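Me: Please take a close look at one part of this model for me. I care about the charged side chains and how they pair up.

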Amino acid sequence: MKGLINKSYETKRVFTDFAFAFPDGEITCVLGASGVGKTTLLNILARLTEFDGELSGVPAKVGYVFQDPRLIPHLTVEENLLYAGANPEKVDTVLEKLGLSAYKNKYPSKLSGGEKQRVNLARAFLSDAELLLLDEPFAALDTALKIRLWKEFALLWEEKRPTTVLVTHDLEEAWALGHTVLVLKDGKIGYSARPKRTELPLPYGAQSAEKSAFLREILGE
Amino acid sequence: MFKRAIWKNLALTAIGIGLLVCVWVVAWVAVGNEYVVPAFSDCVKKLAKLLFTDAGFWRAFLHTFLRVLQAFVWSVALAMLVATLGYVFPAVERVFAPVVVFLRSAPVMAVLLIILVWTNAGVAPVIVAFLSLFPTLYAGVFGAISAVDKELVEMSRVYNVPVRKRIAKLYLPTIAPFFAREAGAALGFGIKLVVSAEILVRTRASLGILMQDAQIFGEMPTLFALVIVACAFGFLCDCLGGGVARLFERRGK
(Lines give C-alpha, C1' and ligand atoms only; values in the text may rest on other atoms or scores of the structure.)
Protein backbone atom coordinates (compact mmCIF):
# COMPACT_ATOMS: atom_id res chain seq x y z
CA MET A 1 0.00 0.00 0.00
CA LYS A 2 1.52 3.32 -1.01
CA GLY A 3 0.62 6.88 -1.70
CA LEU A 4 1.64 10.43 -2.37
CA ILE A 5 -0.54 12.93 -0.56
CA ASN A 6 -1.00 16.62 -0.02
CA LYS A 7 -3.28 17.84 2.70
CA SER A 8 -3.93 21.19 4.27
CA TYR A 9 -6.55 22.59 6.59
CA GLU A 10 -7.67 26.22 6.50
CA THR A 11 -4.74 27.57 8.43
CA LYS A 12 -2.29 24.70 8.39
CA ARG A 13 -0.45 22.63 5.80
CA VAL A 14 -0.12 19.07 7.09
CA PHE A 15 1.39 17.09 4.20
CA THR A 16 3.31 18.38 1.18
CA ASP A 17 4.09 15.61 -1.30
CA PHE A 18 4.15 13.12 1.52
CA ALA A 19 5.21 9.79 0.03
CA PHE A 20 4.81 6.54 1.90
CA ALA A 21 4.79 2.79 1.33
CA PHE A 22 3.42 0.54 4.06
CA PRO A 23 4.33 -3.15 3.68
CA ASP A 24 1.31 -5.41 3.09
CA GLY A 25 0.56 -7.95 5.82
CA GLU A 26 2.70 -6.12 8.37
CA ILE A 27 2.22 -3.68 11.21
CA THR A 28 3.57 -0.20 10.62
CA CYS A 29 3.71 1.95 13.73
CA VAL A 30 3.62 5.71 13.23
CA LEU A 31 5.04 7.99 15.89
CA GLY A 32 5.26 11.76 15.92
CA ALA A 33 4.52 14.91 17.84
CA SER A 34 0.94 16.09 18.35
CA GLY A 35 -0.48 17.84 15.30
CA VAL A 36 2.03 16.34 12.89
CA GLY A 37 -0.76 14.60 10.94
CA LYS A 38 -0.88 11.05 12.31
CA THR A 39 -4.66 10.92 12.70
CA THR A 40 -5.09 12.80 9.41
CA LEU A 41 -3.08 10.06 7.72
CA LEU A 42 -5.36 7.37 9.17
CA ASN A 43 -8.47 9.33 8.17
CA ILE A 44 -7.14 9.65 4.63
CA LEU A 45 -6.52 5.90 4.45
CA ALA A 46 -10.05 5.31 5.85
CA ARG A 47 -11.45 7.72 3.23
CA LEU A 48 -12.87 9.97 5.93
CA THR A 49 -10.82 13.00 4.90
CA GLU A 50 -10.42 14.47 1.45
CA PHE A 51 -6.91 15.08 0.12
CA ASP A 52 -4.94 15.78 -3.03
CA GLY A 53 -2.73 13.09 -4.48
CA GLU A 54 -3.10 9.39 -4.97
CA LEU A 55 -3.26 6.14 -3.07
CA SER A 56 -2.70 2.70 -4.47
CA GLY A 57 -3.23 -0.75 -3.06
CA VAL A 58 -5.49 0.52 -0.25
CA PRO A 59 -7.93 -2.30 0.56
CA ALA A 60 -11.66 -1.56 0.53
CA LYS A 61 -12.45 -3.33 3.80
CA VAL A 62 -11.18 -1.19 6.61
CA GLY A 63 -11.27 -1.75 10.35
CA TYR A 64 -10.60 1.37 12.40
CA VAL A 65 -9.82 1.31 16.10
CA PHE A 66 -10.59 4.90 17.03
CA GLN A 67 -8.86 6.58 19.91
CA ASP A 68 -12.22 6.86 21.70
CA PRO A 69 -14.29 3.68 21.37
CA ARG A 70 -17.23 5.18 19.42
CA LEU A 71 -19.77 2.62 20.61
CA ILE A 72 -23.47 3.27 20.08
CA PRO A 73 -24.83 3.85 23.61
CA HIS A 74 -28.27 2.28 23.09
CA LEU A 75 -26.88 -0.95 21.62
CA THR A 76 -25.37 -3.79 23.63
CA VAL A 77 -21.80 -4.94 23.02
CA GLU A 78 -23.00 -7.71 20.71
CA GLU A 79 -25.38 -5.36 18.87
CA ASN A 80 -22.54 -2.87 18.40
CA LEU A 81 -20.38 -5.57 16.83
CA LEU A 82 -23.19 -6.80 14.56
CA TYR A 83 -23.98 -3.20 13.57
CA ALA A 84 -20.45 -2.86 12.15
CA GLY A 85 -20.92 -6.02 10.07
CA ALA A 86 -19.46 -8.69 12.35
CA ASN A 87 -20.10 -12.29 11.41
CA PRO A 88 -22.51 -13.48 14.17
CA GLU A 89 -20.80 -16.88 14.27
CA LYS A 90 -17.43 -15.34 15.14
CA VAL A 91 -18.63 -12.88 17.77
CA ASP A 92 -18.49 -15.29 20.70
CA THR A 93 -15.00 -16.52 19.82
CA VAL A 94 -13.49 -13.05 19.51
CA LEU A 95 -15.25 -11.82 22.67
CA GLU A 96 -13.86 -14.80 24.53
CA LYS A 97 -10.33 -14.15 23.27
CA LEU A 98 -10.59 -10.55 24.45
CA GLY A 99 -12.08 -11.57 27.78
CA LEU A 100 -15.39 -9.91 27.02
CA SER A 101 -17.81 -12.86 27.04
CA ALA A 102 -19.48 -11.66 30.22
CA TYR A 103 -20.15 -8.25 28.68
CA LYS A 104 -21.84 -9.46 25.50
CA ASN A 105 -25.30 -8.24 26.51
CA LYS A 106 -24.16 -5.19 28.44
CA TYR A 107 -24.54 -1.59 27.29
CA PRO A 108 -21.38 0.53 26.81
CA SER A 109 -22.31 2.65 29.83
CA LYS A 110 -21.73 -0.42 32.01
CA LEU A 111 -18.19 -0.99 30.72
CA SER A 112 -14.91 0.47 31.95
CA GLY A 113 -12.59 2.39 29.62
CA GLY A 114 -10.42 -0.69 29.04
CA GLU A 115 -13.43 -2.90 28.31
CA LYS A 116 -14.82 -0.39 25.82
CA GLN A 117 -11.45 -0.25 24.10
CA ARG A 118 -11.44 -4.05 23.82
CA VAL A 119 -14.88 -3.91 22.20
CA ASN A 120 -13.46 -1.30 19.82
CA LEU A 121 -10.66 -3.73 18.99
CA ALA A 122 -13.10 -6.65 18.62
CA ARG A 123 -15.21 -4.63 16.20
CA ALA A 124 -12.21 -3.92 13.97
CA PHE A 125 -11.10 -7.57 13.90
CA LEU A 126 -14.64 -8.89 13.39
CA SER A 127 -15.10 -6.69 10.36
CA ASP A 128 -12.68 -8.99 8.50
CA ALA A 129 -10.70 -5.92 7.58
CA GLU A 130 -7.91 -6.14 5.05
CA LEU A 131 -6.58 -2.84 6.32
CA LEU A 132 -6.50 -2.20 10.05
CA LEU A 133 -6.07 1.36 11.30
CA LEU A 134 -5.44 2.04 14.96
CA ASP A 135 -5.35 5.53 16.45
CA GLU A 136 -3.61 5.44 19.81
CA PRO A 137 -5.78 2.50 20.79
CA PHE A 138 -4.01 1.82 24.05
CA ALA A 139 -3.53 5.42 25.19
CA ALA A 140 -5.06 6.32 28.55
CA LEU A 141 -4.87 2.72 29.80
CA ASP A 142 -2.77 1.65 32.74
CA THR A 143 0.46 -0.17 31.94
CA ALA A 144 -0.72 -3.63 33.02
CA LEU A 145 -3.89 -3.46 30.94
CA LYS A 146 -1.97 -1.97 28.04
CA ILE A 147 0.49 -4.88 27.95
CA ARG A 148 -2.39 -7.38 28.18
CA LEU A 149 -4.13 -5.70 25.29
CA TRP A 150 -0.92 -5.72 23.20
CA LYS A 151 -0.88 -9.49 23.59
CA GLU A 152 -4.58 -9.86 22.82
CA PHE A 153 -4.14 -7.63 19.80
CA ALA A 154 -1.10 -9.58 18.56
CA LEU A 155 -2.92 -12.94 18.90
CA LEU A 156 -5.90 -11.73 16.90
CA TRP A 157 -3.70 -10.00 14.33
CA GLU A 158 -1.69 -13.16 13.66
CA GLU A 159 -4.87 -14.98 12.52
CA LYS A 160 -5.29 -12.92 9.34
CA ARG A 161 -2.28 -10.61 9.32
CA PRO A 162 -4.06 -7.61 7.77
CA THR A 163 -1.98 -4.64 6.64
CA THR A 164 -1.94 -2.46 9.73
CA VAL A 165 -1.11 1.15 10.52
CA LEU A 166 -0.90 1.90 14.23
CA VAL A 167 -0.53 5.47 15.42
CA THR A 168 0.97 5.92 18.86
CA HIS A 169 2.92 8.32 21.04
CA ASP A 170 4.60 5.45 22.83
CA LEU A 171 7.95 4.22 21.44
CA GLU A 172 7.74 1.18 23.70
CA GLU A 173 4.41 0.23 22.12
CA ALA A 174 5.67 0.89 18.60
CA TRP A 175 8.78 -1.20 19.23
CA ALA A 176 6.73 -4.02 20.78
CA LEU A 177 4.14 -4.23 18.01
CA GLY A 178 5.56 -2.78 14.81
CA HIS A 179 7.38 -4.56 12.03
CA THR A 180 8.24 -1.06 10.88
CA VAL A 181 8.44 2.02 13.08
CA LEU A 182 8.14 5.44 11.45
CA VAL A 183 8.47 8.87 12.96
CA LEU A 184 6.60 11.69 11.20
CA LYS A 185 8.36 15.05 11.25
CA ASP A 186 7.39 18.21 9.39
CA GLY A 187 4.90 16.30 7.24
CA LYS A 188 7.45 13.73 6.11
CA ILE A 189 8.89 10.45 7.36
CA GLY A 190 11.68 11.74 9.55
CA TYR A 191 13.05 8.44 10.81
CA SER A 192 12.29 4.79 10.27
CA ALA A 193 13.41 1.49 11.69
CA ARG A 194 12.57 -2.21 11.42
CA PRO A 195 12.93 -3.80 14.84
CA LYS A 196 14.37 -7.32 14.66
CA ARG A 197 11.82 -9.70 16.14
CA THR A 198 11.04 -13.33 16.58
CA GLU A 199 7.77 -12.80 18.38
CA LEU A 200 4.90 -10.33 18.49
CA PRO A 201 4.66 -8.38 20.67
CA LEU A 202 8.15 -8.00 22.05
CA PRO A 203 8.17 -8.25 25.84
CA TYR A 204 7.51 -4.94 27.55
CA GLY A 205 10.69 -3.05 28.23
CA ALA A 206 12.73 -5.29 25.92
CA GLN A 207 15.94 -3.36 25.54
CA SER A 208 18.01 -3.55 22.44
CA ALA A 209 20.92 -1.63 21.06
CA GLU A 210 18.75 -0.98 18.00
CA LYS A 211 15.98 0.69 20.01
CA SER A 212 18.44 2.79 21.95
CA ALA A 213 20.17 3.87 18.76
CA PHE A 214 16.80 4.74 17.17
CA LEU A 215 15.81 6.77 20.22
CA ARG A 216 19.11 8.64 20.11
CA GLU A 217 18.55 9.33 16.41
CA ILE A 218 15.06 10.73 17.11
CA LEU A 219 16.35 12.86 19.94
CA GLY A 220 19.23 14.06 17.78
CA GLU A 221 21.86 13.01 20.27
CA MET B 1 -35.76 3.94 41.85
CA PHE B 2 -37.62 4.58 38.59
CA LYS B 3 -40.99 3.90 40.25
CA ARG B 4 -40.10 6.30 43.06
CA ALA B 5 -39.30 8.99 40.51
CA ILE B 6 -42.68 8.41 38.83
CA TRP B 7 -44.53 8.76 42.14
CA LYS B 8 -42.57 11.88 42.98
CA ASN B 9 -43.46 13.41 39.60
CA LEU B 10 -47.13 12.49 40.03
CA ALA B 11 -47.19 14.05 43.50
CA LEU B 12 -45.59 17.27 42.24
CA THR B 13 -48.05 17.41 39.33
CA ALA B 14 -50.97 16.93 41.75
CA ILE B 15 -49.63 19.80 43.88
CA GLY B 16 -49.46 22.01 40.76
CA ILE B 17 -53.06 21.17 39.82
CA GLY B 18 -54.13 21.75 43.44
CA LEU B 19 -52.53 25.21 43.34
CA LEU B 20 -54.46 26.08 40.17
CA VAL B 21 -57.71 25.00 41.82
CA CYS B 22 -56.86 27.13 44.89
CA VAL B 23 -56.26 30.19 42.68
CA TRP B 24 -59.60 29.50 40.98
CA VAL B 25 -61.46 29.24 44.30
CA VAL B 26 -59.80 32.40 45.64
CA ALA B 27 -60.73 34.25 42.41
CA TRP B 28 -64.31 32.94 42.65
CA VAL B 29 -64.64 34.20 46.24
CA ALA B 30 -62.95 37.52 45.46
CA VAL B 31 -65.01 38.29 42.33
CA GLY B 32 -68.29 36.97 43.70
CA ASN B 33 -69.92 36.89 40.28
CA GLU B 34 -70.83 33.46 38.81
CA TYR B 35 -70.90 34.88 35.29
CA VAL B 36 -67.28 36.08 35.45
CA VAL B 37 -65.77 33.24 37.53
CA PRO B 38 -68.10 30.25 38.05
CA ALA B 39 -67.77 27.97 41.06
CA PHE B 40 -65.23 25.19 40.67
CA SER B 41 -67.77 22.62 41.86
CA ASP B 42 -70.31 23.74 39.20
CA CYS B 43 -67.69 23.35 36.50
CA VAL B 44 -66.75 19.88 37.75
CA LYS B 45 -70.43 18.84 37.72
CA LYS B 46 -70.81 20.26 34.21
CA LEU B 47 -67.66 18.47 33.11
CA ALA B 48 -68.95 15.16 34.48
CA LYS B 49 -72.25 15.72 32.68
CA LEU B 50 -70.46 16.41 29.41
CA LEU B 51 -68.20 13.39 29.76
CA PHE B 52 -70.79 10.86 30.84
CA THR B 53 -74.13 11.92 29.36
CA ASP B 54 -73.57 14.23 26.42
CA ALA B 55 -73.17 12.46 23.06
CA GLY B 56 -73.01 15.83 21.29
CA PHE B 57 -69.90 16.75 23.29
CA TRP B 58 -68.15 13.52 22.30
CA ARG B 59 -69.05 14.03 18.63
CA ALA B 60 -67.62 17.55 18.77
CA PHE B 61 -64.52 16.34 20.63
CA LEU B 62 -63.94 13.55 18.12
CA HIS B 63 -64.18 15.95 15.17
CA THR B 64 -61.80 18.41 16.79
CA PHE B 65 -59.44 15.58 17.72
CA LEU B 66 -59.46 14.31 14.13
CA ARG B 67 -58.60 17.79 12.89
CA VAL B 68 -55.68 17.97 15.33
CA LEU B 69 -54.57 14.52 14.25
CA GLN B 70 -54.74 15.39 10.55
CA ALA B 71 -52.67 18.55 11.07
CA PHE B 72 -50.23 16.60 13.23
CA VAL B 73 -49.78 13.71 10.80
CA TRP B 74 -49.23 16.03 7.83
CA SER B 75 -46.81 18.18 9.83
CA VAL B 76 -44.83 15.17 11.04
CA ALA B 77 -44.65 13.61 7.59
CA LEU B 78 -43.49 16.82 5.92
CA ALA B 79 -41.16 17.77 8.79
CA MET B 80 -39.49 14.34 8.62
CA LEU B 81 -39.13 14.52 4.85
CA VAL B 82 -37.79 18.08 4.69
CA ALA B 83 -35.54 17.65 7.74
CA THR B 84 -34.03 14.48 6.27
CA LEU B 85 -33.51 16.15 2.90
CA GLY B 86 -32.04 19.18 4.66
CA TYR B 87 -29.62 16.96 6.57
CA VAL B 88 -28.51 15.08 3.48
CA PHE B 89 -28.50 18.11 1.16
CA PRO B 90 -27.56 21.29 3.08
CA ALA B 91 -28.92 23.39 0.18
CA VAL B 92 -32.45 22.18 0.99
CA GLU B 93 -32.04 23.36 4.58
CA ARG B 94 -30.97 26.80 3.36
CA VAL B 95 -33.89 26.99 0.92
CA PHE B 96 -36.36 26.10 3.64
CA ALA B 97 -34.89 28.45 6.27
CA PRO B 98 -36.81 31.57 5.10
CA VAL B 99 -39.99 29.50 4.60
CA VAL B 100 -39.79 28.29 8.18
CA VAL B 101 -39.13 31.81 9.50
CA PHE B 102 -42.12 33.10 7.49
CA LEU B 103 -44.42 30.37 8.82
CA ARG B 104 -43.23 30.97 12.37
CA SER B 105 -43.81 34.70 12.29
CA ALA B 106 -47.06 34.71 10.25
CA PRO B 107 -50.04 35.90 12.36
CA VAL B 108 -52.07 32.71 12.68
CA MET B 109 -55.54 34.23 12.86
CA ALA B 110 -54.92 36.53 9.89
CA VAL B 111 -53.70 33.55 7.86
CA LEU B 112 -56.83 31.70 8.93
CA LEU B 113 -59.03 34.39 7.40
CA ILE B 114 -57.18 34.08 4.09
CA ILE B 115 -57.41 30.28 4.15
CA LEU B 116 -61.12 30.52 4.91
CA VAL B 117 -61.58 32.32 1.59
CA TRP B 118 -59.94 29.41 -0.21
CA THR B 119 -61.42 26.51 1.76
CA ASN B 120 -64.23 25.94 4.28
CA ALA B 121 -64.68 26.10 8.04
CA GLY B 122 -63.99 22.36 8.43
CA VAL B 123 -60.64 22.40 6.64
CA ALA B 124 -59.27 25.83 7.59
CA PRO B 125 -58.43 24.92 11.24
CA VAL B 126 -56.48 21.88 10.00
CA ILE B 127 -54.42 24.00 7.60
CA VAL B 128 -53.77 26.69 10.20
CA ALA B 129 -52.65 24.11 12.74
CA PHE B 130 -50.48 22.43 10.10
CA LEU B 131 -48.81 25.74 9.19
CA SER B 132 -48.00 26.40 12.84
CA LEU B 133 -46.94 22.86 13.79
CA PHE B 134 -44.78 22.18 10.74
CA PRO B 135 -41.99 24.72 11.50
CA THR B 136 -41.82 23.63 15.14
CA LEU B 137 -41.65 19.94 14.27
CA TYR B 138 -39.25 20.57 11.39
CA ALA B 139 -36.86 22.46 13.68
CA GLY B 140 -37.15 19.69 16.28
CA VAL B 141 -36.53 16.85 13.84
CA PHE B 142 -33.72 18.69 12.02
CA GLY B 143 -32.07 19.54 15.33
CA ALA B 144 -32.36 15.93 16.49
CA ILE B 145 -30.92 14.49 13.26
CA SER B 146 -28.09 17.03 13.32
CA ALA B 147 -27.37 16.12 16.94
CA VAL B 148 -26.62 12.49 16.02
CA ASP B 149 -23.02 11.95 17.10
CA LYS B 150 -20.77 12.77 14.12
CA GLU B 151 -18.17 10.30 15.35
CA LEU B 152 -20.72 7.47 15.23
CA VAL B 153 -21.69 8.55 11.72
CA GLU B 154 -18.00 8.41 10.73
CA MET B 155 -17.65 4.99 12.33
CA SER B 156 -20.65 3.80 10.29
CA ARG B 157 -19.02 5.09 7.11
CA VAL B 158 -15.73 3.33 7.85
CA TYR B 159 -17.49 0.02 8.43
CA ASN B 160 -19.72 0.49 5.35
CA VAL B 161 -22.90 0.07 7.41
CA PRO B 162 -25.84 0.00 4.96
CA VAL B 163 -28.02 3.14 5.00
CA ARG B 164 -31.14 1.23 6.07
CA LYS B 165 -29.30 -0.23 9.05
CA ARG B 166 -27.90 3.20 9.99
CA ILE B 167 -31.42 4.67 9.95
CA ALA B 168 -32.90 1.81 11.99
CA LYS B 169 -30.11 1.35 14.53
CA LEU B 170 -28.46 4.75 14.82
CA TYR B 171 -30.62 7.63 13.59
CA LEU B 172 -34.16 6.58 14.63
CA PRO B 173 -33.27 5.47 18.17
CA THR B 174 -31.23 8.66 18.67
CA ILE B 175 -33.94 11.05 17.49
CA ALA B 176 -36.82 9.08 19.08
CA PRO B 177 -36.70 10.77 22.53
CA PHE B 178 -36.43 14.26 20.99
CA PHE B 179 -39.23 13.44 18.62
CA ALA B 180 -41.52 11.96 21.28
CA ARG B 181 -41.19 15.14 23.36
CA GLU B 182 -41.75 17.41 20.36
CA ALA B 183 -44.71 15.32 19.19
CA GLY B 184 -46.38 15.39 22.62
CA ALA B 185 -45.96 19.16 22.85
CA ALA B 186 -47.10 19.60 19.23
CA LEU B 187 -50.32 17.64 19.83
CA GLY B 188 -51.08 19.81 22.87
CA PHE B 189 -50.30 22.96 20.90
CA GLY B 190 -52.37 21.56 18.02
CA ILE B 191 -55.59 21.42 20.03
CA LYS B 192 -55.05 25.02 21.14
CA LEU B 193 -54.68 26.13 17.53
CA VAL B 194 -57.54 24.05 16.17
CA VAL B 195 -59.99 25.15 18.88
CA SER B 196 -59.00 28.82 18.40
CA ALA B 197 -59.54 28.50 14.65
CA GLU B 198 -62.84 26.67 15.13
CA ILE B 199 -64.09 29.52 17.31
CA LEU B 200 -63.09 32.14 14.76
CA VAL B 201 -64.59 30.41 11.71
CA ARG B 202 -67.46 28.71 13.59
CA THR B 203 -66.71 25.17 12.48
CA ARG B 204 -69.71 22.87 12.84
CA ALA B 205 -69.49 19.93 15.26
CA SER B 206 -66.40 21.17 17.07
CA LEU B 207 -65.19 22.00 20.57
CA GLY B 208 -64.65 25.56 19.38
CA ILE B 209 -68.28 26.16 18.47
CA LEU B 210 -69.45 24.53 21.72
CA MET B 211 -67.26 27.00 23.59
CA GLN B 212 -68.51 29.95 21.63
CA ASP B 213 -72.15 28.92 22.06
CA ALA B 214 -71.58 28.50 25.81
CA GLN B 215 -70.14 32.02 25.94
CA ILE B 216 -72.98 33.51 23.86
CA PHE B 217 -75.65 31.87 26.04
CA GLY B 218 -73.84 32.75 29.27
CA GLU B 219 -73.23 29.12 30.31
CA MET B 220 -69.95 29.86 32.03
CA PRO B 221 -69.61 26.49 33.82
CA THR B 222 -69.92 24.77 30.41
CA LEU B 223 -67.35 27.12 28.87
CA PHE B 224 -64.90 26.51 31.72
CA ALA B 225 -65.55 22.74 31.57
CA LEU B 226 -64.75 22.75 27.85
CA VAL B 227 -61.57 24.72 28.47
CA ILE B 228 -60.61 22.15 31.11
CA VAL B 229 -61.12 19.40 28.51
CA ALA B 230 -58.82 21.16 26.02
CA CYS B 231 -56.19 21.81 28.70
CA ALA B 232 -56.38 18.21 29.95
CA PHE B 233 -55.91 16.92 26.40
CA GLY B 234 -52.81 19.08 25.93
CA PHE B 235 -51.48 18.04 29.33
CA LEU B 236 -52.02 14.34 28.60
CA CYS B 237 -50.25 14.61 25.23
CA ASP B 238 -47.32 16.38 26.88
CA CYS B 239 -47.09 13.69 29.59
CA LEU B 240 -47.39 10.91 27.04
CA GLY B 241 -44.62 12.42 24.90
CA GLY B 242 -42.39 12.87 27.94
CA GLY B 243 -43.09 9.31 29.13
CA VAL B 244 -42.27 7.78 25.77
CA ALA B 245 -39.11 9.91 25.56
CA ARG B 246 -37.98 8.70 28.99
CA LEU B 247 -38.54 5.09 27.93
CA PHE B 248 -36.23 5.61 24.95
CA GLU B 249 -33.68 7.44 27.06
CA ARG B 250 -33.55 4.64 29.61
CA ARG B 251 -32.26 2.21 26.98
CA GLY B 252 -28.52 1.81 27.33
CA LYS B 253 -28.37 3.29 30.84
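Is Lys146(A) buried or exposed, and at what relative accessibility?

Reply: This is a predicted model. Lys146(A) counts as buried, because its relative accessibility is 16% and the cut-off for buried is under 20%.

Now its partner. The side chain of Lys146(A) forms a salt bridge with that of Asp170(A), at 3.4 Å from N to O. Lys146(A) sits in helix α5 (residues 143-160) of chain A, while Asp170(A) sits in the loop between β7 (163-167) and α6 (171-177) of chain A, so the pair ties together parts 24 residues apart in sequence. Asp170(A) is partly exposed, with a relative accessible area of 21%.

Stay on helix α5 of chain A. Glu152(A) and Arg148(A) also meet there through their side chains, in a salt bridge of 3.6 Å, N to O. These two residues are four apart in the helix, so about one helical turn separates them. In general, an α-helix has 3.6 residues a turn, so residues three or four places apart point the same way. Glu152(A) is buried, at 11% relative accessible area. Arg148(A) is partly exposed, at 44%.

Salt bridges with shared partners also build a network: Asp68(A), Arg70(A), Glu151(B) and Glu154(B) are joined into one.

Another pair belongs to chain A. Lys90(A) and Asp128(A) form a salt bridge between their side chains, at 3.6 Å from N to O. Lys90(A) lies in helix α3 (residues 88-97) of chain A, and Asp128(A) lies in the loop between α4 (113-126) and β6 (131-135) of that chain, so this bridge links parts 38 residues apart in sequence. Lys90(A) is partly exposed at 37% relative accessibility. Asp128(A) is partly exposed at 23%. Over all chains, the count comes to 15 salt bridges.

One more side chain is worth a look. His74(A) lies in the loop between β5 (62-65) and α2 (77-83) of chain A. His74(A) is buried, with a relative accessible area of 9%. A polar atom of the His74(A) side chain lies 2.8 Å from the backbone oxygen of Lys169(B). His74(A) touches residues of both chains, including Glu79(A), Tyr107(A), Leu170(B), Pro173(B) and Arg251(B).

Notes: Residues numbered from 1 in each chain as written. Chains lettered and ligands numbered in written order. Predicted model: local features only at pLDDT ≥ 70, side-chain atom pairs only at ≥ 80, totals over all residues. Heavy atoms only, no water. Buried < 20%, exposed > 50% of the residue type's maximum accessible area, 1.4 Å probe, protein only. Polar contact = N/O pair within 3.5 Å; in protein donor to acceptor, adjacent residues only side chain to side chain. Contact = heavy atoms within 4.5 Å. Salt bridge = Lys/Arg side-chain N within 4 Å of Asp/Glu carboxyl O.
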